[in-house]
Amino acid sequence: MICQVGKRQDAAGFIEVACVVSAYALAGLYHAFWRARQPLEPYLRSMPFGVAKVLAAEHLVILGLGGSIGILVWLGYRAAPGSSPDLLSVLACSLGLSLLLLALLGAPVLQRHRYGAAFKAALTFAALILMGALQ
Amino acid sequence: MTMLLTAEGLGMRYGGQVVFEDLHLAFGAGAVALVGSNGAGKSTLLALLAGVDAPQAGRVLVCGHDLARGQGARAALAWVPDASVAYDFMTGDEFLRMVQALRGCAGPHRALLEGFGIAAHLGARFGDMSLGTRKKFMLAAGLMGDAQVVLMDEPTNGIDADARAFLIDQIKARAYEHLVLFSTHDRDLIALTGARVLELPARDA
């Protein structure tokens, strides 16, 4: 879509924005998991590393989902006619950074913090600037 | 007698009201019934002994391991809360496997599932189960894996007569080598399990 509709020189910017927005959207799953986990937390605390293990499992699920989507996008773009090798590396780099951002957005302190949503938005914006600077 | 569960100088207060102060307890193997009027602090005490809440003073030792240090104490205990807590989307089988993975223990024997009458509900989702069936899954999760110390909060609440009879057999069978400590208002349960009674005094409002 980027190659056919947009200008090729803007494609890197589109990719970065798309990756960051996807990471921010997927980070919403952390909150859904956190809310679903609340009634269980006391029960989990009675088990060895119970809360930590469930937290790790939630991270694995969300990062696995994000990684799978990223790989599918990368493979899809690679298989598309007229894909440029330059954009492939931009896409790979942006997907990697967006996964890092996704992992950061899942930090338990951000889920619990009063201004967690604002911190998440600031982190996402900072990641977008960093991606642009790295390309 | 080897002490399986020890509480030393436990202290807890809520909003200026003292729930426990300098409470000392020591239990070896056996069945112990925690009784007391509503609000006496039975669930609070069980939550402290299970490591769910941290005491404001004192410490709890499970099989010689301090609950506040390391995970050895938690590995030796199983807690059955009064409320049936699980993800609604999980099936009974998935819940038991989750608890098994988290506690690092063996799964439930078929006899345990059949005794509680939940073998037929393994594939049902928690959100679709009755309160009694949920409670039975919580009990099976607590009794599987042969934990040295089993703590149960109102274990007979909501379960049918057959499951209650099976639970009584389980408590009696385990009491020889394990500690089964449960809170209850059910005097028949205490008599049928032959449990020692630990009565918490009523608190002033």
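This is a predicted model: local features need pLDDT of at least 70, side-chain atom pairs count only at pLDDT 80 or more; totals for chains, interfaces and linings use all residues.
**Figure 1. Chain B as a whole.** Chain B holds 7 helices and 9 strands. Its C-alpha trace spans about 45 × 35 × 35 Å along the principal axes. The radius of gyration of chain B is 17 Å, which agrees with the value near 17 Å that a compact globule of 205 residues would have. Buried residues make up 43% of the 205 residues. Of the contacts in chain B with a separation of 6 or more, 72% join residues 24 or more positions apart.

**Figure 2. The parallel sheet of chain B.** Here you can follow an open sheet of 5 strands in the order 6-7-8-3-9, with parallel pairing. Strand 6 and strand 9 (196-199) of chain B are the edge strands; each has a single partner strand, so one side of each is left without a neighbour in the sheet. From one strand to the next, the twist averages 15°. Helix 5 (residues 131-143) of chain B packs on this sheet, where it touches strand 6 and strand 7. The direction of helix 5 makes about 170° with that of strand 6 of chain B.

**Figure 3. Strand 7 of chain B and its two partners.** This view moves in on strand 7, residues 149-153 of chain B. How many of the residues of strand 7 of chain B are buried? The count is 5 of its 5 residues, and the strand is mostly covered. In a regular strand, side chains alternate between the two faces of the sheet. In strand 7 of chain B both faces are covered, with B:Val149, B:Leu151 and B:Asp153 buried on one side and B:Val150 and B:Met152 buried on the other. Strand 6 of chain B pairs with strand 7 in the parallel sense over 4 bridges. Look for B:Met152 of strand 7 as the bridge partner of B:Val80, and for B:Trp79 standing opposite B:Leu151. Strand 8 (residues 179-183) of chain B also pairs with strand 7 in the parallel sense, over 5 bridges. In strand 8, B:Val180 is the bridge partner of B:Val150.

**Figure 4. The antiparallel sheet of chain B.** Next comes an open sheet of 4 strands, ordered 2-1-4-5, with antiparallel pairing. Which strands of chain B stand at the edges? They are strand 2 (17-27) and strand 5 (65-66); each has a single partner strand, so one side of each is left without a neighbour in the sheet. Strand 4 (residues 57-62) and strand 5 of chain B run antiparallel and are joined by 2 bridges. B:Leu61 has B:Asp66 of strand 5 as its bridge partner. Helix 1 (residues 42-49) of chain B packs on the sheet and touches strand 1 (5-14), strand 2 and strand 4. Its direction makes about 125° with that of strand 1 of chain B.

**Figure 5. Where chain B meets chain A.** The contact takes 15 residues from chain B and 12 residues from chain A. On the chain B side, the elements that give two or more residues are helix 2 (72-75), strand 6 (77-80) and helix 3 (92-103). The residues on this side of chain B divide into 10 nonpolar, 3 polar and 2 charged. For chain A, pLDDT averages 85, and 93% of the residues score at least 70. Confidence in chain A is lowest in helix 1 (residues 2-5), at a mean of 58, and highest in helix 4 (residues 41-45), at 93.

**Figure 6. B:Arg103 and its surroundings.** B:Arg103 lies in helix 3 of chain B. Is B:Arg103 buried or exposed? It counts as buried, because 21 C-beta neighbours lie inside 10 Å and the cut-off is 20 or more. Leaving aside neighbours within four places in sequence, B:Arg103 is in contact with A:Met47 and B:Gly145. The C-alpha atom of B:Arg103 is separated by 19 Å from that of B:Arg134, 31 residues apart along the chain.

**Figure 7. Two loop residues with positive phi.** A:Phe49 is found in the loop between helix 4 and helix 5 (50-79) of chain A. Phi of A:Phe49 is near 55°, a positive value in a residue other than glycine. A:Phe49 counts as partly exposed, with 15 C-beta neighbours inside 10 Å. B:Asp146 lies in the loop between helix 5 and strand 7 of chain B. B:Asp146 has a positive phi of about 55° although it is not a glycine. With 12 other C-beta atoms within 10 Å, B:Asp146 is exposed.

Notes: Residues are numbered from 1 along each chain as its sequence is written. Chains are lettered from A and ligands numbered from 1 in the order in which they are written. The radius of gyration is taken over C-alpha atoms; the globule rule is 2.2 Å times the number of residues to the power 0.38. Two residues are in contact if their C-beta atoms, placed from the backbone, lie within 7 Å. Ala, Val, Leu, Ile, Met, Phe, Trp, Tyr, Cys and Pro count as nonpolar, Asp, Glu, Lys and Arg as charged, and the others, Gly among them, as polar. Two strands pair if DSSP finds at least two bridges between them. Axes are lines fitted to C-alpha atoms, for helices over the stretch in contact, and angles run from 0 to 180 degrees between N-to-C directions. pLDDT is the predictor's confidence in each residue, from 0 to 100.
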